[in-house]
Structures are given as structure tokens and as C-alpha cells.
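Morning, everyone. Please have the sequence and the model open, and follow along with me.

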Amino acid sequence: MGLNKDYEDIPGTFVFDADRGREGYYLNQFCISLRKAPNREAFGADEGAYLDKYKMTAEQRQAVIDRDWNQLLELGGNIYYTSKLAANDGINFQELAGLMTGMGIEAYRAMMLAGGRSPEGNRYQHEWDEKGEK
Amino acid sequence: MARITAGVGCSHVPAIGVAMDSGITEQPYWEPVFEGFEKSREWMKAQKADVVFLVYNDHCTVFDATCIPTFALGCAPEFAPADEGWGPRPVPVVKNHQRLASHIAHSLILDEFDITIMNEMEVDHGLTVPMSVMFGDKGIDDEWPCLVIPLCVNVVQYPAPTGNRCYNLGKAIRRAVDSFDEDLNVVVFGTGGMSHQLQYKRAGLINKEWDTQFLNRLTSDPVSLSQTPHIDYLREAGSEGVEMVMWHVMRGALDDDVEEIHRHYHVPASNTAVGHIILENKKDQKAKI
């Protein structure tokens with residue numbers, strides 16, 4: 001019997017499990033390296049040469065170069081790792097969330113000040129499907 | 001004998017640390033967040049804790065993906081604040097009660113909790129933010145007023161340990177502390193949460209109703225609360241809301257019979273609902289009188 005991944009039907013959410021951890025291992029190890037200042041400097045000096053040190057897939061590498069924050073999660077990245085790449089770029093957690101939701105930084109901040117995103121209509125994938133949200 | 005007298009539940013939002021470190025806590029955005037900790041700081045001072053046993057999680061700062069221990073107990077002499085990508089927080093180094101930490105490690109393993117022992121470790125905002133909100137501003141040349149034993153729990157790679165496991169670990173920590181031969185007042189912190197989702201398209205989820213029932217049941221109904229399945233945290237309180245399993249360690253370490261001394265809840269701090277509670281063992285309250 002397989003594992004019951006009952007969390008896969010939460011819309012707009014990637015639960016970072018062991019399968020995703022395996023897929024994203026080198027991507028995440030690259031991201032966490034940026035928490036150290038000398039590595040941030042080396043990455044800033046030559047992104048391509050720095051990325052060559054990590055055995056990530058071509059797709060993952062391109063998502064890093066493009067700063068495609070959602071694609072990074074889709075390819076096995078975890079938010080606490082990808083936030084290190086964001087921090088390197090001067091983007092904080094709230095700004096990053098604004099970018100990932102597609103709302104933009106200002107609209108996202110306003111939503112949080114108004115009490116955040118309600119769980120109503122945001123619990124199950126079918127609720128998003130019915131609303132036409134992707 | 002050492003004894004656990006009280007517990008603290010507390011969010012550890014990194015932006016709270018940034019707000020304190022940059023001196024903007026009186027701005028309108030932050031003022032209501034910090035107001036709720038004024039009473040807590042007075043309580044903390046009056047409590048005269050010798051040791052804080054602090055349950056928290058690392059946020060892919062000190063632990064990278066090479067090794068992911070479910071429970072890692074800090075047994076080093078001290079723990080320096082880590083660089084999380086924008087320089088270490090300017091707060092004091094955390095000093096351990098190393099003999100008690102070793103005693104707890106020994107006791108837990110014989111009690112069948114096979115924890116990982118950390119003889120060198122830095123600590124991130126998961127640990128330092130609760131220290132800051134409960135003890136107030138301290139600079140790098142100051143000292144925290146008490147010793148700290150860190151317990152780092154994996155809640156980043158799914159699955160985190162179950163709430164039930166965490167609650168029972170709290171019981172085992174209690175047995176360990178109770179059997180230590182030095183007269184010490186120990187306060188347990190369970191940190192993280194409350195509802196929040198930091199990632200992907202559903203980021204920003206907040207569930208005040210769910211958080212409120214969690215705080216209510218922590219006092220009156222802790223055993224059944226600890227049985228909450230992971231899917232409920234993920235769906236109802238956001239993917240990062242699962243951090244709240246760490247509060248069960250704190251609750252398990254207390255008596256069954258506790259009194260709620262203080263509560264604070266505010267939305268938002270950055271992406272997160274800030275929750276905070278102080279619980280005291282009723283029998284220790286009687287002892288004080």
C-alpha cells in the first residue's frame with residue numbers, strides 16, 4: 001500500500017515531503033549556500049560559474065536564473081531555501097509571498113493588514129477549479 | 001530538585017526580530033504586536049526562571065538538507081545567533097545549562113525518545129525571537145537572564161513528528177527534569193505558528209477561528225488537541241502552520257491542571273498570525289502562596 005498523500009488536494013500549496021526533498025536536493029543546497037556572505041559574493045560575481053558547482057537539472061538552473069519563484073517550488077524547492085535566494089536579491093518573505101501569489105507586493109500587504117487570506121473557498125483543489133483559479 | 005513550573009507558547013516570526021533590531025516597534029504596524037508582550041515580560045521577570053527549555057525549529061539555516069533530525073537537543077556550552085542571509089541578529093549568545101542538557105539527553109533516550117545530540121550548533125530566529133519578545137531588547141554585549149536548552153524539531157520536511165509524539169516527548173522531558181538533582185526553576189517554551197502559509201499561490205492564509213480554538217483547548221483539552229492530524233494544520237492553518245505541533249511539547253511538560261495567565265493574538269506580523277499564551281501549573285501557584 002502506498003502512502004496516503006492527503007495533502008495533495010490543498011490548492012495553491014506544495015507540501016515539501018521526502019519525494020520533493022529528493023527532487024530538489026541540489027537546488028536547495030545551492031540556495032542555502034547563499035546564507036554565507038562569501039558565497040553571496042561569489043554568486044553575485046558570476047552566477048553561471050557558481051551554479052556549475054551544483055548538480056541541479058537544467059530546468060531548475062533556468063528557474064534560478066529567471067528567479068521564477070513558483071517554478072522553483074514546482075521543481076522541488078522549499079520556501080525556506082528559496083527565501084535565501086530571495087534574500088540575496090533583497091526580497092523579504094512578505095515581498096516574496098506577494099510575488100508567488102501573483103497579487104503583487106502592495107496588494108498582498110494590504111490583504112495581510114485586512115486579516116489575511118480566508119480559509120473559506122481555499123481548502124480543497126475543487127474549490128479553486130470551480131472558481132477557475134489555477 | 002529541578003522542576004517545570006510554567007509554559008509559554010509563542011510565535012517566532014523573523015520580522016518581529018527585525019522590528020526589534022531596527023528599533024521600529026513603536027510604529028503603528030508593530031505597536032499592537034509588542035503591546036501584547038508587555039505583561040509577558042513582567043511575568044517572565046517575576047518568574048525568575050533558571051533555565052528555559054526552548055522548543056523551536058530551524059528554518060534551513062543551520063540544518064541544510066544533508067541531515068534532517070526530527071528532534072535535535074542542544075548540548076553545546078553555547079549557541080551563537082546564525083547568519084540567515086542578512087547577517088546574524090545582534091542579540092546575546094545563548095548559554096546552556098550543559099549538565100542538565102546532558103541529563104535530559106540521557107534520560108530521553110532510555111525513555112525511548114531517540115533524539116539527536118548537538119554538541120555544536122548555531123541558532124536562528126526560531127529561538128532568538130521568542131527570547132527577545134519575552135526578555136526585551138538585549139544587545140550583543142548583554143547576557144540573557146537565564147540559561148537555555150534548545151530542542152530543535154524538524155517541521156520543514158514533511159512529515160513533522162505527530163502532535164501525539166510531541167506531547168509525549170513533553171512528558172518525557174518532564175520526567176527528565178524532575179529527576180535532576182539541582183534546585184532549578186525551568187520554564188518550557190513551545191514556539192512557532194500560528195496560522196500562516198509562506199509559499200506558493202495560497203500564501204497569506206490566516207485562520208483566526210482555528211487559532212482561537214487551538215489556544216482554548218491547550219488549557220482545557222490538551223490530549224485531544226494533540227491528536228489533531230497533520231492534514232488539519234496544513235489545510236486549516238496553512239502549510240507552515242504545522243509548526244504548532246511544537247506547542248504540544250510544551251503542554252506535555254506541564255501538569256494536566258494548568259491556568260491560563262495571559263494570552264495575546266494579533267494579525268498580521270508579516271505573513272503570520274502572532275499567537276502567545278502563558279500557562280502555569282496550578283499546584284506551583286499554590287506553592288507560591
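What share of the contacts in chain A with a separation of 6 or more comes from residues 24 or more positions apart? The share is 45%. A contact here means heavy atoms within 4.5 Å.

First, the ground rules. This is a predicted model, where local features need pLDDT of at least 70, side-chain atom pairs count only at pLDDT 80 or more, and totals for chains, interfaces and linings use all residues. Residues are numbered from 1 along each chain as its sequence is written, chains are lettered from A and ligands numbered from 1 in the order in which they are written, and side-chain values use heavy atoms, with hydrogens and water left out.

Let's stay with chain A. Chain A has 10 helices and zero strands. Helices (H or I, at least four residues) and strands (E, at least two) are DSSP runs, numbered from the N terminus. The C-alpha atoms of chain A fill a box of roughly 45 × 45 × 20 Å, taken along the principal axes. Of its 134 residues, 50% are buried. Buried means under 20% relative accessible area, exposed means over 50%, and partly exposed lies in between, using a 1.4 Å probe and protein chains only.

Now the aromatic rings. The structure holds 16 aromatic pairs over all chains. Rings of Phe, Tyr and Trp (its six-membered ring) pair if their centres lie within 6.5 Å; planes under 30 degrees apart count as stacked, over 60 as edge-to-face, and the rest as tilted. How many degrees separate the ring planes of Tyr50(A) and Tyr54(A)? The planes stand at 40°, so the pair is tilted, with the centres 5.9 Å apart. Tyr50(A) and Tyr54(A) are both buried. They also belong to one aromatic cluster with Phe30(A) and Phe43(A).

Over in chain B, Tyr29(B) and Trp30(B) make an edge-to-face pair, 5.0 Å centre to centre and 70° between the planes. Tyr29(B) counts as buried because its relative accessibility is 16%. Trp30(B) sits at 7%, so Trp30(B) counts as buried too.

Next, the sheet in chain B. Eight strands form an open sheet with mixed pairing, in the order β6-β3-β7-β2-β8-β1-β10-β9. Two strands pair if DSSP finds at least two bridges between them. Which strands stand at the edges? They are β6 (116-118) and β9 of chain B, each with a single partner strand, so one side of each has no neighbour in the sheet. From one strand to the next, the twist averages 20°. Axes are lines fitted to C-alpha atoms, for helices over the stretch in contact, and angles run from 0 to 180 degrees between N-to-C directions.

Look at β10(B), residues 272-281. All 10 of its 10 residues are buried. Both faces are covered: Val274(B) and His276(B) are among the buried residues on one side, Gly275(B) and Ile277(B) among those on the other. With β1(B), residues 3-10, β10(B) pairs in the antiparallel sense over five bridges. There, Cys10(B) stands opposite His276(B), and Ala6(B) has Glu280(B) as its bridge partner. With β9(B), residues 258-269, β10(B) is also antiparallel, over nine bridges. His264(B) partners His276(B) in β10(B). β9(B) and β10(B) form a hairpin with two residues between them, and Ser270(B) in the turn has a positive phi of about 60°.

On to the helices of chain B. Helix α4(B), residues 98-110, packs on the sheet and makes about 150° with the direction of β3(B).

Buried or exposed: what are the residues of helix α5(B), 125-135? 11 of the 11 are buried, so the helix is largely enclosed by the rest of the structure. At its start, a side-chain oxygen of Asp124(B) reaches to within 2.9 Å of the backbone nitrogen of Gly126(B). Just after the helix, Gly136(B) takes a positive phi of about 85°.

Last, the cores. A nonpolar core is a set of buried Ala, Val, Leu, Ile, Met, Phe, Trp, Tyr and Cys residues joined through side-chain atoms within 4.5 Å. The largest has 64 residues, and Ile104(B) and Phe53(B) are among those with the most contacts inside it. A second, separate core of 43 residues includes Tyr29(B) and Ala6(B).

How values were computed: A polar contact is a pair of N or O atoms within 3.5 Å; within protein, one must be able to donate a hydrogen and the other to accept it, and residues adjacent in sequence count only if both atoms are side-chain atoms.
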